[in-house]
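Colleague: Could you take me through the reading of a sheet and the helices around it?
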Amino acid sequence: MTMIEAHGLARTFQAPHGEVTAVRGVDLTVEDGEIVGFLGPNGAGKTTTLRMLTTLLRPTAGTARVAGCDLLTDPVGVRRRIGYVAQGGGANPAEVVGNELLLQARLYGLSKAAAGPRIADLAERLGLGGLESRLVGSLSGGQRRRLDIALGLVHRPPLIFLDEPSTGLDPTSRNQLWDHIRGLRDELNATVFLSTHYLDEADALCDRILIMDQGAILVEDGPEELKNRVSGDAVTLEVSPEDVRTAEDVVVGLPTTRDVAVTGNTIRFRADHSSRSMVEFMRALDARAVDPVSIQIDRPTLDDVFLTLTGRQAGVAASVDAA
Ligand SMILES: Nc1ncnc2c1ncn2[C@@H]1O[C@H](COP(=O)(O)OP(=O)(O)OP(=O)(O)O)[C@@H](O)[C@H]1O
């Protein structure tokens with residue numbers, strides 16, 4: 001089943017200096033069981049898109065079906081079938097963890113009898129066991145984030161939206177959270193749509209990544225495909241001084257190489273990512289009797305992809321035009 005299908009979703013806001021176009025006609029599809037990541041600089045329109053898809057904000061234009069329900073004509077149906085964990089989370093710091101979970105379960109219409117085992121199961125899965133009697137405000141950042149996610153899952157939604165789930169967490173807590181998010185898909189068959197500023201998080205977690213900038217989706221693909229598509233591998237070849245000219249000749253002559261630069265005995269270039277192209281490269285060096293001193297091959301990162309596509313490092317603000 002297709003979990004999200006959006007066509008032409010758009011949202012403008014009235015601001016004191018004029019109209020701000022936050023999202024300009026987004027089309028997107030998310031299939032059942034996918035973990036999809038939404039990347040983009042600050043102000044790209046990610047949260048606005050998430051808020052529209054979760055019924056918290058009415059689109060200015062466009063349509064969408066979310067978890068099988070029409071966003072505009074059946075927002076209540078959408079809300080029943082999704083979980084949404086906002087950036088700051090929604091748990092009350094003055095409440096006890098167990099009560100907060102029970103309250104959420106009751107809000108979704110679960111009886112007390114049904115809520116007990118459901119909460120115990122979630123607490124176990126999300127590593128909250130033993131924290132039920134603690135005050136929410138006393139939890140660590142990682143525990144608090146897991147509680148936010150448990151609150152979003154208490155009604156067992158088939159689709160969960162997470163807005164920047166690991167912001168502010170230390171590396172250990174992030175890794176644990178990633179395992180929990182994978183578990184949502186693998187054990188609970190949930191579909192996960194998350195936004196993040198961490199490219200390594202998108203790389204590690206997501207089956208597919210959408211990169212958004214200035215209110216539009218620039219590109220969508222799997223993490224590996226994105227890396228292949230944009231830059232190719234960065235190769236650094238070191239040779240003996242007498243081999244530099246010949247080696248440069250070989251590199252320039254191959255159809256799979258580009259951006260060749262020579263500094264001293266080192267030749268740097270980009271090469272298509274395939275084991276075949278590296279084999280051809282090594283054979284070509286061999287045929288001209290060049291014996292490399294060293295070769296280093298660096299796969300592109302999602303940072304390279306992001307920089308190429310948006311012209312900015314991840315986390316640097318975009319300017320949204322006033323329309
Ligand atoms: N209520 C609002 N009124 C006016 N402008 C708004 C409103 N909400 C969002 N915007 C503007 O819309 C644009 C997109 O904002 P949005 O929060 O969706 O971006 P984002 O990609 O989620 O950013 P971040 O990564 O910083 O969370 C920004 O320029 C923002 O200032």
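Predicted model: local features only at pLDDT ≥ 70, side-chain atom pairs only at ≥ 80, totals over all residues.

Colleague: What is the strand order of the open sheet?

Modeller: First, the terms. Helices (H or I, at least four residues) and strands (E, at least two) are DSSP runs, numbered from the N terminus. Two strands pair if DSSP finds at least two bridges between them. Here the order of the six strands is β6-β7-β8-β3-β9-β10, with mixed pairing. β6 (82-85) and β10 (216-221) are the edge strands, each pairing on one side only.

Colleague: In which sense do β9 and β10 pair?

Modeller: Antiparallel, over five bridges. I211 has V219 in β10 as its bridge partner.

Colleague: Which strands does α1 touch?

Modeller: Contact means C-beta atoms, placed from the backbone, within 7 Å. Axes are lines fitted to C-alpha atoms, for helices over the stretch in contact; angles run from 0 to 180 degrees between N-to-C directions. α1 packs on the sheet against β3 (35-39), β7 (159-163), β8 (191-195) and β9, with its direction at about 150 degrees to that of β7. Helix α5 (residues 141-153) lies across β6 and β7, at about 155 degrees to β6.

Colleague: Why does T47 count as buried?

Modeller: Buried takes 20 or more other C-beta atoms within 10 Å; exposed, 12 or fewer; partly exposed lies in between. T47 counts as buried because it has 21 C-beta neighbours inside 10 Å. T47 sits in α1 (residues 46-53). Leaving out residues up to four places away in sequence, T47 touches D163 and S195.

Technical notes: Residues numbered from 1 in each chain as written. Contact = placed C-beta atoms within 7 Å.
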